[in-house]
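Here are my notes for your first pass through this model. Keep the structure open and find each residue as you read.

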Amino acid sequence: MDNEEKKLHVAMFPWLAYGHLMPFLEVATFLAQKGHRVSFISTPKNLQKFPADLPPSMTLVELPLPRVHGLPDSAESTSELPHNMVPYLKKAYDMLEPAVAEFLANSDVDWVIQDFVSFWLPQKARRVGVKSAFFCIFNATALVFAGPPSLLIDSQARVKTAEDLTVVPEWVTYPTKVAYRLHEVINEEDIVDSDSNTSGLERLGRSILGCDIVAVRACSEFEAEPLSLLKKLHASPVVPMGLLPPQNKRRHEGDGRWSELKQWLDDRKEKSVFYVALGTEVALSQESMHELACGIEKSDLPFVWVVGPKASPGTIPSGFESRVLGRGFVWVGWAPQLDILAHPSVGGFLTHCGWSSIIEALGHGRALILFSGGFSDQGLMARLMDERRVGWEVLRDSRDGSFTSDSVAETIRRVMVEPRERR
């Protein structure tokens, strides 16, 4: 068999969230650069945001998102919706099933790489002779915490109450304290309540059981014990994909303010600035944002604060920017995060603890100020990074998630100024 005959046609079908689309794009780009044909399936608005210089063997396949009562007509991703409206997006995503199945049946695809939401896809793929892989964008620690697929499918067996998620599961055999805090799961209806539609845990379990292999965004150098346990929990082969740091070298895509920010950073000492960004999905209350701002101000250190797209008017306290003038740089909207993290004057990152953001920060050697956004795997990642001593978590009330500006300022200074204590 010659080299050309070994090339595959791989379809990619991620969930409609930026934090899922980008890791899938990294895998797609890698496969395309190896000479495989890649068909990346998503909705028009999401695909329009992709860079123009994709590999020639990658094709973008647009599928219009079916309309669902209750879902705004223009919404095609989680970043465009409040959290309580995401179930409508999942319903619309499930309605793509016939169109995806038709594409697989008529496009000589060898493999489809899917996300956890499309639990119905493995069966459709198998019917037309296509193998399926579940790509978990989270790491092995998070997938181990979720548990074996048999428990996930019966989500009431895995999670009877939110408190069940605040302790280390009984199947975890290595020493760890990684678990959620109550405030991170108490309002996660998709995790603890399956009355409205198929729960997130059930989708995950059925995807794992249905697929031929499980690929996870992890490496044995960082998660040897979780990966070893994961292979025992799942019947399907488990393949660590590595951390998949961003391959896209096209930076400086900001709105023209980058040159201004770069000059501001150029004038600061090496590793003296901390960067603040809570991702595209986290939406804190105005009270919490004001408390966070007060803590940032009290730290008395130079900072760059990117306020995300879900911020509402009044998010930034009145007079804040004038009080920190010269010491702080506030950026509202999308910002070139890779450029900011790569700048030598940046030493720390106050993060919502999304796995992608952590990977980007550690790739540039930045210390972590851990402020869990209380969404998805973020609480688990905050505990894990604190446990591994690559960051320090902001002290918060375990039940309601409240915190003080003093605890924010103290943690920032501990990470940025004071040596980390041995524990």
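**Notes on a predicted model**

1. Start with strand S10, residues 328-332. Of its 5 residues, 4 are buried, so the rest of the structure largely encloses S10. Keep in mind that this is a predicted model.

2. Now look at the partner of S10. Strands S9 and S10 pair in the parallel sense, over 5 bridges.

3. Is Val-306 buried or exposed? Val-306 counts as buried because its relative accessibility is 9%, and the cut-off for buried is under 20%. Leaving out residues up to four places away in sequence, Val-306 touches Tyr-275, Val-276, Ala-277, Trp-331, Gly-333, Ala-335 and Ile-340.

4. Next, a loop residue. His-352 sits in the loop between strand S11 (346-351) and helix H17 (355-363). What does His-352 touch? Not counting residues up to four places away in sequence, the contacts of His-352 are Ala-277, Leu-278, Gly-279, Val-282, Ser-357, Phe-371, Ser-372, Gly-373 and Gln-378.

5. Helix H19 covers residues 405-416, which makes 12 residues. From first C-alpha to last, H19 reaches 16 Å, close to the 16 Å expected at 1.5 Å a residue. Buried residues make up 9 of the 12, so H19 is largely enclosed by the rest of the structure. Among the buried ones are Val-408, Ile-412, Arg-414 and Met-416. Which elements do the buried residues of H19 pack against? They are strand S8 (273-277), helix H14 (286-298), S11, strand S12 (367-370) and strand S13 (391-393).

6. How many cavities of 30 Å³ or more does a search of the whole structure find? The search finds 1. The largest cavity holds about 50 Å³ of space. Its lining includes Thr-141, Phe-145, Pro-169, Tyr-174 and Val-178. By class, the lining has 7 nonpolar residues, 2 polar residues and no charged ones.

7. Turn to the loop between helix H4 (97-106) and strand S4 (111-114), where you will find Asp-110. Asp-110 counts as partly exposed because its relative accessibility is 31%. Outside its sequence neighbours up to four places away, Asp-110 touches Lys-7, Leu-8, His-9, Val-130 and Lys-131. Compare Leu-54: Asp-110 and Leu-54 are 56 residues apart in sequence, and 21 Å apart in space, C-alpha to C-alpha.

8. Last, check the backbone. Most residues other than glycine have a negative phi. Which residue in the loop between H4 and S4 deserves a look? Asp-108 lies in that loop. Asp-108 is not a glycine, yet has a positive phi of about 40°. Lys-271 is another case, with phi near 55°. Lys-271 is placed in the loop between helix H13 (258-266) and S8. With a relative accessible area of 44%, Lys-271 is partly exposed.

How values were computed. Residues numbered from 1 in each chain as written. Predicted model: local features only at pLDDT ≥ 70, side-chain atom pairs only at ≥ 80, totals over all residues. Heavy atoms only, no water. Helix = DSSP H or I, 4+ residues; strand = E, 2+ residues; numbered from the N terminus. Contact = heavy atoms within 4.5 Å. Buried < 20%, exposed > 50% of the residue type's maximum accessible area, 1.4 Å probe, protein only. 1 Å grid on protein atoms, 1.4 Å probe; cavity = no way out; pocket = protein on both sides within 12 Å on 5 of 7 lines; lining within 4 Å. Points joined across faces, edges and corners; volume = space filled by probe spheres on them. Nonpolar A, V, L, I, M, F, W, Y, C, P; charged D, E, K, R; others polar. Pairing = 2+ DSSP bridges. Expected span 1.5 Å × (residues − 1).
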